[in-house]
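Please view the sequence and the model together, and then read the notes below.

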Amino acid sequence: MSDPAGPTALPDSRYDIAIVGAGIVGLATALRLQADGGLRVVVVEAEPGPARHQTGHNSGVIHSGLYYAPGSAKAVGCVEGRRRLLDFCDRNEIRYELCGKLVIATSDDELPRLDELERRGRANGLRGLQRLPGERIAEFEPHAVGLAALHVPETGIVDYTQVAHAYARRFQELGGELRLGTRVVGVRRRSGSTVVETDAGTVEARSLINCAGLQSDRVARLAGARPRLRIVPFRGDYFDLAANRRPLLRGLIYPVPDPRFPFLGVHLTRRIDGSVEAGPNAVLALHRHGYAGELGLRDAASALLYPGTWVLGLKYWRIAASEFLRAGSPERFARALARFVPEITAADLEPGGCGIRAQALSHGGRLLDDFAIERSPGALHVLNAPSPAATASLAIAERIVERAHDELGLLTPGVQPRRAG
Ligand SMILES: Cc1cc2nc3c(=O)[nH]c(=O)nc-3n(C[C@H](O)[C@H](O)[C@H](O)COP(=O)(O)OP(=O)(O)OC[C@H]3O[C@@H](n4cnc5c(N)ncnc54)[C@H](O)[C@@H]3O)c2cc1C
């Protein structure tokens, strides 16, 4: 894809910016751009409504910023995004609860990792963090046990589908256009303008921002980018705790994560509607939208013919096998949970939902940990926005807009953002 005339050559294009994807990242970006005023922004979404993929299939946790390497985009984005998210929820009457969480170490080898989490949490500016000896765990979670724990009072819960719908509503109230049921199938550059071909006609804009989540690598390639990574889908299954067992949990309980993986381990999560979920595990999926376990030939080939998948699989086959065996097995799930809540048995678990994570994987088998945004002529591509991207969505949107300003020459210098909410 060539860009002979430069990104600002056609000021009379119908839109200034076309955003692909009405997940929480695309909508936060759209809202932030629209709130600046003076820009014509359109969001193009394949599904009939917003938040139908990762945003609508997650754990609903407002992360505090505990886990992430100090100074990383994830750490900064999570802390800043959390603050902005709570402010948005307050101003838009979206219910959330700062119920706090415990990260519990259940074996000696987890204790140094708990130390490291505490160090990271303090470096990331978390407030009220408390290290607890095993005997104090019951003060916070009467049914939990462990050798030691970290109590993180700033962690909370919210319904991200509701948040995404509120972003969409606000964006439209400010004059933005949301085109649902419109799948992007091609992108061309023509005389400094971007022509977005969809299954429902053509959209023309000066620039494109790709927030297509599980399809973001493909949309990037459609737009002429050559990302040196691939989105590999990782399925996460949940079980629901039977209604009469919900009192076993006050807030959230997490294990100490394995630092080699970007996933946090099977945890117990109270949801804002009062239900309690256990999960998610992490298993390679053979369909990027295969919520019922379908096989997608294109997606399966994309994952299985990619060298990075094999390098990763060979390196971590033991963990991969155990995650696979745990999928769909209440007994194995219950055993993992009983390490910190011994009263939980398989009989307490009912089949729940599932989510599919868009995880960027390098050719050499490295799981990309941090948020990643790449550029191609006239376009920015959000190529890795894993957890805590829902928490961090409004902060990620800030970074995207800064880059759109600097790299796409899109915004008027000196424009000060209006409040998005
Ligand atoms: C199981 C699970 C648990 C998680 N738990 C948490 C949590 O507790 N807290 C947290 O902060 N984060 C969590 N996350 C991460 C968070 O949900 C995601 O990082 C976030 O939702 C990503 O948003 P997104 O907008 O990038 O992607 P998505 O929500 O996937 O949106 C992408 C959108 O692009 C659209 N699209 C794709 N291709 C096209 C196309 N060609 N044309 C038009 N539209 C297209 C899709 O239909 C979709 O609507 C979790 C994720 C998963 C999967």
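At what angle do helix 2 and helix 11 pack? In this predicted model, helix 2 (residues 73-91) packs against helix 11 at about 115°, and their axes are 6 Å apart. Helix 2 is therefore roughly perpendicular to helix 11.

**Overall form**

- The chain contains 11 helices and 20 strands.
- Its radius of gyration is 22 Å, close to the 22 Å given by the globule rule for 421 residues, so the chain is as compact as a globular protein of that length.
- Along the principal axes, the C-alpha atoms fill a box of roughly 65 × 45 × 35 Å.

**Helix 2 against helix 11**

- On the side of helix 2, the residues that meet helix 11 are Gly77, Glu80, Gly81, Arg84, Leu85 and Phe88.
- Helix 11 meets them with Ser393, Leu394, Ala395 and Ile396.
- Sorted by class, this contact holds 5 nonpolar, 3 polar and 2 charged residues.

**Helix 1 against helix 11**

- Helix 1 (residues 24-35) and helix 11 (residues 393-407) have axes that come within 8 Å and cross at roughly 60°.
- This angle makes helix 1 oblique to helix 11.
- The crossing of helix 1 past helix 11 is right-handed.
- Helix 1 contributes Ile24, Val25, Ala28, Thr29, Arg32 and Leu33 to the contact.
- From helix 11, the contact takes in Ser393, Leu394, Ile396, Ala397, Glu398, Ile400 and Val401.
- The residues of the contact between helix 1 and helix 11 comprise 9 nonpolar, 2 polar and 2 charged.

**Surroundings of the ligand**

- There are 41 residues around the ligand, and those that come nearest are Gly21, Gly23, Gly213, Gly355 and Ala389.
- At least two residues of this shell are supplied by helix 1, and at least two by strand 18 (349-362).
- The shell divides into 19 nonpolar, 17 polar and 5 charged residues.

**Backbone details in loops**

- Gly279 and Pro280 are joined by a cis peptide bond with omega of about -10°.
- Pro280 belongs to the loop between strand 16 (276-279) and strand 17 (283-284).
- A cis peptide bond also leads from Ser387 to Pro388, where omega is near 10°.
- Pro388 is placed in the loop between strand 20 (379-384) and helix 11.
- Ala51 is not a glycine, yet its phi is positive, at about 60°.
- The loop that holds Ala51 runs between strand 2 (41-44) and strand 3 (61-62).

Note on methods:
Residues numbered from 1 in each chain as written. Predicted model: local features only at pLDDT ≥ 70, side-chain atom pairs only at ≥ 80, totals over all residues. Axes fitted to C-alpha atoms, helices over the stretch in contact; angles between N-to-C directions. Helix = DSSP H or I, 4+ residues; strand = E, 2+ residues; numbered from the N terminus. Parallel < 35°, antiparallel > 145°, perpendicular 65-115°, else oblique. Left-handed = near helix turned anticlockwise from the far one by under 90°. Contact = placed C-beta atoms within 7 Å. Nonpolar A, V, L, I, M, F, W, Y, C, P; charged D, E, K, R; others polar. Near = placed C-beta within 6 Å. Rg over C-alpha atoms; globule rule 2.2 N^0.38 Å.
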